[in-house]
Amino acid sequence: MPAYAGPIYIMSNLTFGIIKPDAVKKGVHGTIIQRVLDNGFKIRGMKLIHQTRRQAEGFYEVHKERPFFGELTEFMSSGPCVVMVLEKENAVKAWRDLMGATNPAEADEGTLRKEFASSIGENAVHGSDSEENAAIEIAYFFSKLELV
Ligand code: ADP
Ligand code: MG
């Protein structure tokens, strides 16, 4: 888990999302943000960052034994991305439903990954997989003062 010493607040109406470097490079981050709003999410925090390799490795530490860890952290540090704190009822599931399957070839019609992902690795968006991980991931990128 990413090193974080402060309190973790688990909120069932919040999740954490990333518009990944492939989507920002293609210039579709604005379109994706509009889709977020159109789908009833409130944006509670948002910023454009360019992660270092070390920051990406810390974020994806749970995947460090997976064969694609090197490729994934190289990609995530290859350019700017947009990190977001999203609010909606059952936010974790609602955001993953809008993102679609990890592999765009398996993603449903109307999902962000179906429309914007290039491959299973460069798949446009990230979303937390549980409320616990959403709290950890929000705290990895945002201070309390950055959330509205
Ligand atoms: P998700 O992002 O849908 O929660 P995972 O947590 O399983 O998916 O994987 C994290 C990220 O690692 C994926 O979004 C994708 O960018 C990358 N990834 C997953 N599987 C592969 C793979 N087989 N090859 C390359 N990259 C992968
Ligand atoms: Mg995941």
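Reader: Helices (H or I, at least four residues) and strands (E, at least two) are DSSP runs, numbered from the N terminus. With that settled, where is Asn 90 placed?

Author: Asn 90 is in the loop between strand S3 (81-87) and H5. This is a predicted model, in which local features need pLDDT of at least 70 and side-chain atom pairs count only at pLDDT 80 or more, while totals for chains, interfaces and linings use all residues. Residues are numbered from 1 along each chain as its sequence is written, chains are lettered from A and ligands numbered from 1 in the order in which they are written, and side-chain values use heavy atoms, with hydrogens and water left out.

Reader: What is the phi of Asn 90?

Author: Asn 90 is not a glycine, yet its phi is positive, at about 50°. Ala 124, also not a glycine, has a positive phi of about 70°. Ala 124 belongs to the loop between helix H6 (112-116) and S4.

Reader: Turning to ligand 1, which residues are around it?

Author: With a heavy atom within 4 Å as the criterion, the residues are Lys 20, His 63, Arg 66, Phe 68, Glu 71, Leu 72, Arg 96, Thr 102, Arg 113, Ile 120, Gly 121 and Asn 123.

Reader: How does that shell divide by class?

Author: The shell around ligand 1 has five charged residues, four polar and three nonpolar. Asp, Glu, Lys and Arg count as charged, Ala, Val, Leu, Ile, Met, Phe, Trp, Tyr, Cys and Pro as nonpolar, and the others, including Gly, as polar.

Reader: Which side chain has an N or O atom 3.1 Å from an oxygen atom of ligand 1?

Author: That of His 63. A polar side-chain atom of Arg 96 also lies 3.1 Å from an oxygen atom of the ligand. Gly 121 uses its backbone, with an N or O atom 2.8 Å from a ligand oxygen.

Reader: What space does ligand 1 take?

Author: The largest pocket.

Reader: What is the volume of that pocket, and which residues are closest to its centre?

Author: The volume of the largest pocket is about 650 Å³. Of its 31 lining residues, Tyr 60, His 63, Phe 68, Leu 72 and His 126 are the closest to the centre. Elements giving two or more residues to the lining are helices H3 (53-59), H4 (69-76), H5 (91-99) and H7 (131-141), and strand S4 (125-127).

Definitions and conventions:
A polar contact is a pair of N or O atoms within 3.5 Å; within protein, one must be able to donate a hydrogen and the other to accept it, and residues adjacent in sequence count only if both atoms are side-chain atoms. On a 1 Å grid over the protein atoms alone, a cavity is a set of points where a 1.4 Å probe fits but cannot get out, and a pocket is an open set with protein on both sides within 12 Å along at least five of seven lines; lining residues have an atom within 4 Å of a point. A molecule sits in a cavity or pocket if more than half of its atoms lie within 2 Å of its grid points. Grid points are joined across faces, edges and corners, and a volume is the space filled by probe spheres set on the points.
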